[in-house]
Structure formats: C-alpha cells, structure tokens
Amino acid sequence: MNSEFDLVVRNAQVATASDTFLTDIGVREGRIAQMGLALASGRREIDALGRVTTPGGIDAHCHLDQPIAPPARMTDDFESGTRSAACGGTTTIIPFAAQHKGATLRAAVEDYHRRANGRACIDYGFHLIVSDPTPDIIANELPQLIAEGYTSFKIYMTYDDLKLDDGQILRLLALARAHGAMAMIHAENSDCIAWLTQSLLDAGLTAPRYHAASRPMLVEREATHRAISLAELVNVPMLLVHVSAREAVEQIQWARNRGLKVLSETCPQYLFLTAEDLGIDDSYEGARCVCSPPPRDTASQQAIWAALADGTFTIFSSDHAPFSFDGPHGKKPDGEEVAFPHIPNGIPGIETRLPLLYSEGVMTGRISVNRFVELTATNPAKTYGLHPRKGTIAIGSDADFVIWNERPDDPVALTNAMLHHAVDYTPYEGRSLAAWPAYTVAGGEIVWDGERFLGTPGRGRFLARGLPTIVPGRPAERAAR
Ligand code: DUC
Ligand code: ZN
Ligand code: ZN
C-alpha cells in the first residue's frame, strides 16, 4: 500500500503557545504536511492517544565545545550535546561562536562550523559573542554576519576576557538597532565582583560557596538596571540572559511598566537550586553548582517562578555549560581543588531543561502547557528569527515535536546514568520527575523513543536565521529608517 505520509502521529493532544487541540499530524519530507483527524496512512505511525504533544524545544542558550582557556575544556561536543538535547525533547539549539580578543568574528564562526558540521544530531544556529568590537567589526564584519543569518549576539558586562565597557555596549546596541539584530546581555557588575572576590580571598575564604558571596544579588540588579538604561538610550529591544535574582526581576518589570522592550530569559538552576547547593560548609562538592549568576535564595526562586507564570520572562533556556566534576579539565583544574575564582563556571542541563519545567511547572499547575510552549519553543523561535519554521506545530513548519509521557503516579528519580551528555554529574540527581519525552521527533525522524537515542551525528542542519519577529512594530520601524 502506498503511504501518503512518511510519518503520521495519531490522536495527538497538540499544545501550541495559544491553543490545545486533538489532531493527527501528517509529516512529509521533514515538514508538517497535514493536520486533522483520520489522516491517510504513513510509512511509520505513532499512536499518541491521550498524550500531550508540544513543539520540539529550542534551547536558545547553551554552550557546546566552546574553546576556552586551558586546562578547562567543555566535555560535550556537538555530538554528545545534541544527542543529550534530543533525548530531553530539544530539537534545535543555538550555542555561541565566541570571538577571541584580537581575532575576528568570522574566524570564530568558521571554527564553530568545523566543530558542528558532521556531528550535530539536531538543527542548530549560532549566536555570536562579541568581545572585541573594533571599528572594522562594527562597520563591516558584524553587519555582514547578521545578513548571513547570525542575527543575535551576546554582550558580557563581566569576565575579564569578554567584558565590554558602557561605550562599547552602546555602540553595539546602536548596531543592533540599525540592523534589526537581537543583543543578549550578561548583566553582572564586573568591578563589584572583583572587589568582593579580593576581599574574600584576603580573608582566606576560598571554598566554592564563596562564589555566591562574590556575586550577590545587587551586583546583578545594578548591571540589569544599567543594561536597561543603555538600551533605553539607544531605543532598541534587547534580551537579558540567565536572570537569577528577585531584584533583577523587579528591574525588568519596572522597565516593562515604562513601555521599554526588555526581553528576558531564565534557566532551571534558578528554579531548582539555591546558594546552599554550592555548600553549607567548605566542602568542594558544591563546585558542581558553581555558575554565574549563582543560584540565589528561596525568595528569588519564588520570584523567578512568578515571573515565568505572569509573562515577565520571554524564554527558558538551559545555559548548559558542560564541565566534569572529576578529571583535569573541569571543576578541578589539573585535578586540583582550587579557590572559587578558578572553578570553571557552568552546569549541565541541556537534557533536563524541558522535563524539569514540564514536571514542576505544567504538572503542578504553576504554568499552563501553552505557556510552557511559549517559553521553551515559540518565543525562542520568534526572538531569534526561526519562526514559523521552528517553534510551533503548524502546516509547513518543520516536523519537530515532543510526545510526553506523563506519569504523576509513578515518577522517576533522575540519575546521571539516565542522561546522554558527557558530564559526570547532574545537579538534579535524585529529583523526582513526573514527565519525560515518550518520543522526540526532529525533522520528521524519531530521534528518541523513550528508551533509545535513534538519531545520527551529522543529521542536524545549520540554520541561517532571520531577524527577530518577537517585538511588535520592528519591521515597520526598520522600513521607516
Ligand atoms: N555563566 C555564563 O555566563 N556562561 C556559561 C556558564 C555560566 O555559568
Ligand atoms: Zn552569561
Ligand atoms: Zn551562558
């Protein structure tokens, strides 16, 4: 019998950012070809009766195989990182091609293509990290790269090898405005961190937990306010990444109440970890949870949950930054337990991002499944120029989706052994999960069947991205210039 479709998913309870409805999904050549009930047959079929089906996740903030100063080295390359992503329901990632000071952005992009090509198991785009905005880069290279589909770039306000001053940030924001690109800002006050760090070290306080003490909430609050003010001056939308703190949320809400187009992102670590996970004593175990900004207190956790539910946050990403706990390239540089400023920053989470939010957000009723879709797929697609090809379930869109296995009465205790990344720990070990993807479908291919990874390295394609469409009025503004 001739099949009309390559794949048909039957009786899916599809949730998009706006609606929930029962439908079959007919897939042809990697795209959604038809929706409706009682579709014709497919060469492969999945019976999704009773199962919620959401668009494949877009992890718009993750780090894979990003070159950094030795001995630190990320354990996940594009193969293991995207395998892990797919098993957790993510079908698109946007990691970072980072410029080295004194080098070009083009060199970073070319190097990063070499790392991804032939290895990625799911589709990918690249954000840029601009660490050295020379006049030539501002006038020529960055506009050219934006035109080629690298339509977003990250600006750091801290880290000695990456940070930019306010004048440099203003020039980059003006460039984002002129070319319709999205600037992403890491907001922490560098001088405050340096001063606090030195004070702690002078007092002999070197354990991992002092990482949190060296970057308290006000450090993020001040930089968040400054970033908002710089963007207001230029009159350009921008996105604050990995927002962790109650007072940073207040700044974002203050800005939005003034009508400013401030977008923002948060991550699982700010919902599920606190500063206590970095240690309640001087044990080195807490190095696993050293990331920046650091996890905060329960009041901040509650503020982050509230801001997820009330629409303040635009995006929920992992900020996956894969460093092993043991071994010479991760949390113990050259195998040594080091003072907190020398612990590589970052925690793994590319596979657990969606199951954690689905279990603790959707299944508990803290957020609707439609808000879940908005935060994890639709808004990332709109913010970074991938919508409607990605981020929704609609005719013509890529056939990227997750069919959920909800098991409220039989939750699974998460262990690192269940995960597919190359990191030797998860910060969420032992946490009870009430949902996990039963299937992940990427470009019409079943890449995860609830037990096995079925994808292949190299099947992921590079995505040259369009301009952001999330901020109303922007194309008209651009046309008017
Ligand atoms: N902080 C960042 O800004 N990036 C990667 C990891 C981290 O902790
Ligand atoms: Zn950052
Ligand atoms: Zn990051």
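Reply: In this predicted model, the zinc ion (ligand 2) and the zinc ion (ligand 3) are separated by 3.9 Å. Take ligand 2 to begin with. Its protein donors are K154 through NZ, H186 through ND1 and H242 through NE2. They lie 2.1 to 2.2 Å from the zinc ion (ligand 2). The site has 4 donor atoms, and the angles among them run from 86 to 127°. That makes the site of the zinc ion (ligand 2) tetrahedral. Along the chain, its donors follow the spacing K-x31-H-x55-H. K154 sits in strand β11, residues 152–156, while H242 sits in the loop between β13 (238–240) and α8 (246–257), so this pair ties together parts that are 88 residues apart in sequence.

Now the zinc ion (ligand 3). Its protein donors are H61 (NE2), H63 (NE2) and D319 (OD). Their distances from the zinc ion (ligand 3) are 2.0 to 2.1 Å. The donor residues are spaced H-x1-H-x255-D in sequence. H63 belongs to the loop between β6 and α1 (78–87), and D319 to the loop between β15 (315–316) and α11, so the pair ties together parts that are 256 residues apart in sequence.

Strand β6 covers residues 57–59 and is an edge strand. It belongs to an open sheet of 3 strands, ordered β6-β7-β9, with parallel pairing. The other edge strand is β9, residues 123–124. Each edge strand pairs on one side only. Strand β7 spans residues 90–93 and is joined to β9 by 2 bridges. These two strands run parallel. In this part of the sheet, I93 stands opposite Y124 of β9.

A search of the whole structure finds 16 aromatic pairs.

Two arginines lie over rings elsewhere in the list of contacts to check. R366 lies over the face of W305, at 4.2 Å from the ring centre. R288 lies over the face of Y425, at 6.0 Å from the ring centre.

Definitions and conventions: Residues numbered from 1 in each chain as written. Chains lettered and ligands numbered in written order. Predicted model: local features only at pLDDT ≥ 70, side-chain atom pairs only at ≥ 80, totals over all residues. Heavy atoms only, no water. Pairing = 2+ DSSP bridges. Helix = DSSP H or I, 4+ residues; strand = E, 2+ residues; numbered from the N terminus. Phe/Tyr/Trp six-rings, centres within 6.5 Å; stacked < 30°, edge-to-face > 60°. Lys NZ or Arg CZ within 6 Å of the ring centre and 35° of its normal. Donors = N, O, S within 2.8 Å, 3.2 Å for Na, K, Ca; no water. Tetrahedral: all angles 85-135°; square planar, octahedral: opposite > 155°, others 65-115°.
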